Amino acid sequence: MSDQLPDPRLTRIYRLEATLGEPLDVGDVAQGHRRIVPQTGGRFTGPEISGKLLPGASADWQIVLPDGTALGDIRFTLQTDRGDLLYVRSQGVRHGSAEVLARLSRGEEVGGSEYVVRTSTQVETAAPDFEWLNKGVFISVAGRQVGGVIYVVYLVG
């Protein structure tokens with residue numbers, strides 16, 4: 001076996017712009033402060049796949065740590081323009097300076113370069129044309145906007 005391994009490359013799969021509902025504040029639990037943030041709608045677009053986010057089947061189950069860092073367990077259901085369903089689950093972290101995280105928690109507009117949101121992502125579908133999504137390793141870069149969130153999802157190749 002050669003000791004040369006290929007460097008990973010990223011291929012953009014889609015950009016999702018989701019709208020957010022009012023967070024449900026569960027309160028302090030053993031892991032931190034639990035919040036559930038519903039995703040109430042939105043659209044995703046990519047070179048091979050586009051569609052909408054289905055409300056009622058999409059939310060971010062967050063644990064917020066004392067320093068403001070948020071650990072995300074994000075689950076959403078997408079429907080392609082052809083009607084195929086995609087179940088997407090991402091786990092990740094949002095972190096930054098205390099000042100920036102405080103602005104985010106107040107719902108203020110904060111530039112995406114001022115903090116970090118990264119996730120590892122899995123996609124499940126029964127659609128034969130998108131079977132390759134079931135086998136992919138994905139990462140996403142995300143950022144908040146007033147009333148919403150943007151995720152850009154990449155296939156790691």
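1. Aromatic pairs. Rings of Phe, Tyr and Trp (its six-membered ring) form a pair if their centres lie within 6.5 Å; planes under 30 degrees apart are stacked, those over 60 are edge-to-face, and the rest are tilted. By that rule, this structure holds two aromatic pairs. One is Tyr14 with Phe44: the ring centres are 5.4 Å apart and the planes stand at 65°, so the pair is edge-to-face.

2. What the model is. This is a predicted model: local features need pLDDT of at least 70, side-chain atom pairs count only at pLDDT 80 or more, and totals for chains, interfaces and linings use all residues. Residues are numbered from 1 along each chain as its sequence is written, and side-chain values use heavy atoms, with hydrogens and water left out.

3. Where the pair sits. Tyr14 belongs to strand β1 (residues 10-20) and Phe44 to strand β3 (residues 32-45). Helices (H or I, at least four residues) and strands (E, at least two) are DSSP runs, numbered from the N terminus. Tyr14 has 3% relative accessibility, so it counts as buried. Phe44 is buried too, at 0%.

4. The nonpolar core. A nonpolar core is a set of buried Ala, Val, Leu, Ile, Met, Phe, Trp, Tyr and Cys residues joined through side-chain atoms within 4.5 Å. The largest one has 29 residues. Which of them touch the most other members? They are Tyr14, Leu16, Phe76, Leu78, Leu86 and Leu133. At least two core residues come from each of β1, β3, β6 (70-80), β7 (85-96), α1 (98-105), β8 (115-124), β9 (138-145) and β10 (148-156). Strand β1 gives the most, with five residues. In soluble globular proteins, nonpolar side chains tend to be buried together.

5. Leu78. Contact means heavy atoms within 4.5 Å. Leaving out residues up to four places away in sequence, Leu78 touches Tyr14, Leu16, Phe44, Lys52, Leu53, Asp84, Leu85, Leu86 and Val88.

6. A charge over a ring. The rule here asks for NZ of Lys or CZ of Arg within 6 Å of the ring centre and within 35 degrees of the ring normal. Arg75 has its charged end over the ring of Trp61, 4.3 Å from the centre.

7. Rolling a probe the size of a water molecule over the atoms shows where empty space is left. On a 1 Å grid over the protein atoms alone, a cavity is a set of points where a 1.4 Å probe fits but cannot get out; a pocket is an open set with protein on both sides within 12 Å along at least five of seven lines; lining residues have an atom within 4 Å of a point. Grid points are joined across faces, edges and corners, and a volume is the space filled by probe spheres set on the points. The largest pocket holds about 280 Å³. Of its 16 lining residues, Pro23, Arg35, Leu104, Ser105 and Arg144 are closest to the centre. Elements giving two or more residues to this lining are β3, β5 (59-64) and α1. The largest share, three residues, comes from α1.

8. The cavity. How many cavities of 30 Å³ or more are there? The count comes to one. The largest cavity has a volume of about 210 Å³. It is lined by 18 residues, and Asp60, Gln62, Val117, Val149 and Tyr151 lie nearest its centre.

9. Ile74. This residue is found in strand β6. At 4% relative accessibility, Ile74 counts as buried. Beyond four places in sequence, Ile74 touches Gln39, Ala59, Asp60, Val88, Arg89, Ser90, Thr119 and Tyr151. Its C-alpha atom is 9.1 Å from that of Thr121, 47 residues away along the chain.

10. Val110 and Gly96. Val110 lies in the loop between α1 and β8. It is buried, at 2% relative accessibility. Gly96, in strand β7, is partly exposed at 34%. Gly96 and Tyr115 are 19 residues apart in sequence, yet their C-alpha atoms are 4.5 Å apart. Tyr115 is also among the residues that Val110 touches.

Methods: Buried means under 20% relative accessible area, exposed over 50%, partly exposed in between (1.4 Å probe, protein chains only).
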